[in-house]
Amino acid sequence: MEGFKQALLEALENETAFTIPLFGGIPIASSLVVSWVIMAACMVFTLLATRDLKVRQPGKPQVVLESAVQFLNGFVKDSIGPHWRPFAPYLGTVAIYIALANIIGIFGLSSPTKDISVTTALALMSMALIYGAQFRYNGLGGGLKRFAQPMPLLTPINLMEVAIRPLALCMRLFGNVLGSYIIMEMIKYLVPAVVPAVFGIYFDLFDGIIQTIVFVFLTALFTGEGIKQEEA
């Protein structure tokens with residue numbers, strides 16, 4: 001069991017893929033390299049999927065793509081409200097990245113979302129979106145007033161949410177992905193054949209998709225809460 005513990009600790013380390021020889025050496029983590037691979041794959045797929053779009057008689061791939069975009073737009077509109085349109089591209093992009101980052105373990109690569117620095121960056125980006133929208137659509141005074149709702153007595157708690165929300169988003173995604181990874185390593189150690197493949201599909205695919213939905217849904221929900229005053 002001690003050997004398994006040591007192997008697990010080594011596997012959980014975020015290895016340095018390479019070092020840029022500038023300013024004394026800038027280490028590039030493997031999670032960042034895998035993120036680059038995911039982004040490159042998304043760009044290539046986007047270029048291929050949108051290069052021959054048709055207004056009339058679209059092909060099946062275009063119909064599927066348009067259905068996915070329509071579903072995303074409907075989800076964002078229901079979650080955020082009348083000002084949904086500028087947020088849909090960002091939320092869709094984040095959803096695709098997190099989903100691919102969570103399920104990429106199926107292809108033998110290490111998931112970037114089990115690196116807490118990656119999930120922290122995603123959470124901070126969401127917070128910039130949430131509070132940026134709050135002040136953008138309510139103004140400086142209206143944005144600040146949001147922290148005193150529904151009553152001024154709750155202002156300290158609402159201010160605490162500025163730190164709590166990104167922490168919750170970060171740790172929920174990181175904790176679930178890391179927990180799934182640890183469970184899979186334990187299963188591989190105890191039952192090295194057949195069983196790990198079945199559980200691997202569940203943890204990498206289904207659980208990864210669920211965590212993507214939760215992250216994007218909470219980001220959209222918090223954004224909608226921040227700008228709903230202007231809609232009233």
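This is a predicted model: local features need pLDDT of at least 70, side-chain atom pairs count only at pLDDT 80 or more; totals for chains, interfaces and linings use all residues.
Two aromatic rings of Phe, Tyr or Trp count as a pair if their centres lie within 6.5 Å.

Start with Phe75 and Phe217. Their ring centres are 6.4 Å apart, and their planes stand at 40°. That makes the pair tilted, because planes under 30 degrees apart count as stacked and those over 60 as edge-to-face. Phe75 is partly exposed, at a relative accessible area of 23%. Phe217 is also partly exposed, at 37%.

Now turn to Tyr131 and Phe147. Here the ring centres are 6.1 Å apart and the planes meet at 25°, so this pair is stacked. Tyr131 sits in helix 5. Phe147 sits in the loop between helix 5 and helix 6. The pair therefore ties together parts that are 16 residues apart in sequence. Tyr131 is buried, with a relative accessible area of 11%. Phe147 is buried too, with a value of 11%. Both count as buried because the cut-off is under 20%. Ring pairs also bring in Phe135, so that Tyr131, Phe135 and Phe147 form a cluster.

Helix 5 has a packing partner as well. Helix 5 runs over residues 116–145, and helix 4 over residues 88–103. Two packed helices are described by the angle between their axes and the distance between the axes. For helix 4 and helix 5, the axes come within 12 Å and cross at roughly 170°. Helix 4 is therefore roughly antiparallel to helix 5, because angles over 145 degrees count that way.

Which residues make the contact? Helix 4 supplies Tyr90, Leu91, Tyr97 and Ile98. Helix 5 supplies Val118, Leu122, Met125, Ser126 and Leu129. Eight of these contact residues are nonpolar, one is polar and none is charged.

Residues 116–133 are 100% helix and 0% strand. Their end C-alpha atoms lie 26 Å apart.

How values were computed:
Residues are numbered from 1 along each chain as its sequence is written. Side-chain values use heavy atoms; hydrogens and water are left out. Axes are lines fitted to C-alpha atoms, for helices over the stretch in contact, and angles run from 0 to 180 degrees between N-to-C directions. Helices (H or I, at least four residues) and strands (E, at least two) are DSSP runs, numbered from the N terminus. Angles under 35 degrees count as roughly parallel, over 145 as roughly antiparallel, 65 to 115 as roughly perpendicular and the rest as oblique. Contact means heavy atoms within 4.5 Å. Ala, Val, Leu, Ile, Met, Phe, Trp, Tyr, Cys and Pro count as nonpolar, Asp, Glu, Lys and Arg as charged, and the others, Gly among them, as polar. Rings of Phe, Tyr and Trp (its six-membered ring) pair if their centres lie within 6.5 Å; planes under 30 degrees apart count as stacked, over 60 as edge-to-face and the rest as tilted. Buried means under 20% relative accessible area, exposed over 50%, partly exposed in between (1.4 Å probe, protein chains only).
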